[in-house]
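This briefing is intended for a reader who is meeting the structure for the first time. Please consult the sequence and the model below before turning to the notes.

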Amino acid sequence: MEQYFSATQKMEQEVMFPSLLRGVFPQEEGAALAAGSHTDLYERYQLLKSIKPMVEKGLASVNDQSPTGTDAEKALDEGADSNLEERLSHHVNGLQQVLTDLTKNTKALTRRYSQILEEINLSEDHSSS
């Protein structure tokens, strides 16, 4: 989780002009998030930024559909807690994979943004010569 927060913080610090990402499509290394879709890096940047608060606050604050007291009691009475450890492990593994994918995408976007800035600087250097 720390790697995700670190990558997101770096992205937010480095991407000063997100509009430079419009019309730029992901390279292979960072294409996992939008596999099969045609979103540009600007849309991906917006998505990554919108996901961050959800991760920070946790799914509990976003999802208010928690069972009521009577529903929870009924579930316990029916023996639903017999596989809690297995269910928790499944969800933790899933969350870890999602965070890993988000981290990879965030780092790839930040690297691509840096490349765009380098290209701009190089073209300005050549035009001023």
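The notes that follow cover confidence, the nonpolar core, salt bridges, aromatic features and selected residues.

The structure is a predicted model. The chain has an average pLDDT of 81, and 72% of the residues reach at least 70. Its largest nonpolar core holds 15 residues, and the count of salt bridges is five.

**Confidence in the model**

- Among the elements of the chain, helix α1 has the highest mean pLDDT, at 94.
- The lowest mean pLDDT among these elements, 51, belongs to helix α3, which covers residues 59-62.
- Over residues 29-34 the pLDDT stays under 50. For this stretch the model has 15 contacts beyond four places in sequence.

**The largest nonpolar core**

- Six of the 15 core residues touch the most other members: M11, V15, L21, Y45, L102 and L109.
- Helices α1, α2 and α5 each supply at least two residues of this core, with α5 spanning residues 84-128.
- Once residues up to four places away in sequence are set aside, M11 touches Y45, L48, K49, T106, L109 and T110. Two of these partners, Y45 and L109, are listed with M11 among the core residues that touch the most other members.

- K49 and E12 form a salt bridge through their side chains, with an N to O distance of 3.6 Å. The pair links distant parts of the chain, since K49 belongs to helix α2 (residues 41-57) and E12 to helix α1 (residues 2-14), 37 residues apart.
- Both partners are partly exposed: K49 has a relative accessible area of 32%, and E12 has one of 27%.
- E12 also meets K52 in a salt bridge, at 3.0 Å from N to O. Because K52 lies in helix α2 and E12 in helix α1, this pair ties together parts that are 40 residues apart in sequence.

- R112 counts as buried because its relative accessible area is 16%, under the 20% limit. E119 is partly exposed, with a relative accessibility of 46%.
- Salt bridges with shared partners join E12, K49, K52 and E56 into one network.

**Aromatic features**

- The structure contains one aromatic pair.
- The charged end of R22 is placed over the ring of Y42, at 3.8 Å from the ring centre.

**Surroundings of T8 and K52**

- T8 is part of helix α1 and is buried, with a relative accessible area of 1%.
- Apart from neighbours within four places in sequence, T8 is in contact with K52 and T106. T106 is also one of the residues touched by M11.
- K52 is located in helix α2. Leaving out neighbours within four places in sequence, K52 is in contact with Y4, T8 and E12.
- The C-alpha atoms of K52 and Y4 are 9.2 Å apart in space, while the two residues are 48 residues apart in sequence.

**Other residues brought together across the sequence**

- Q46 lies in helix α2 and is partly exposed, with a relative accessible area of 34%.
- Between Q46 and P18 the C-alpha to C-alpha distance is 8.7 Å, with the two 28 residues apart in sequence.
- Q3 is found in helix α1. Its relative accessibility of 59% means that Q3 counts as exposed.
- Q3 and K104 are 101 residues apart in sequence, and their C-alpha atoms are 9.6 Å apart in space.

Key
Residues numbered from 1 in each chain as written. Predicted model: local features only at pLDDT ≥ 70, side-chain atom pairs only at ≥ 80, totals over all residues. Heavy atoms only, no water. Salt bridge = Lys/Arg side-chain N within 4 Å of Asp/Glu carboxyl O. Helix = DSSP H or I, 4+ residues; strand = E, 2+ residues; numbered from the N terminus. Buried < 20%, exposed > 50% of the residue type's maximum accessible area, 1.4 Å probe, protein only. Contact = heavy atoms within 4.5 Å. Phe/Tyr/Trp six-rings, centres within 6.5 Å; stacked < 30°, edge-to-face > 60°. Lys NZ or Arg CZ within 6 Å of the ring centre and 35° of its normal. Core = buried A, V, L, I, M, F, W, Y, C linked by side-chain atoms within 4.5 Å. pLDDT = per-residue confidence, 0-100.
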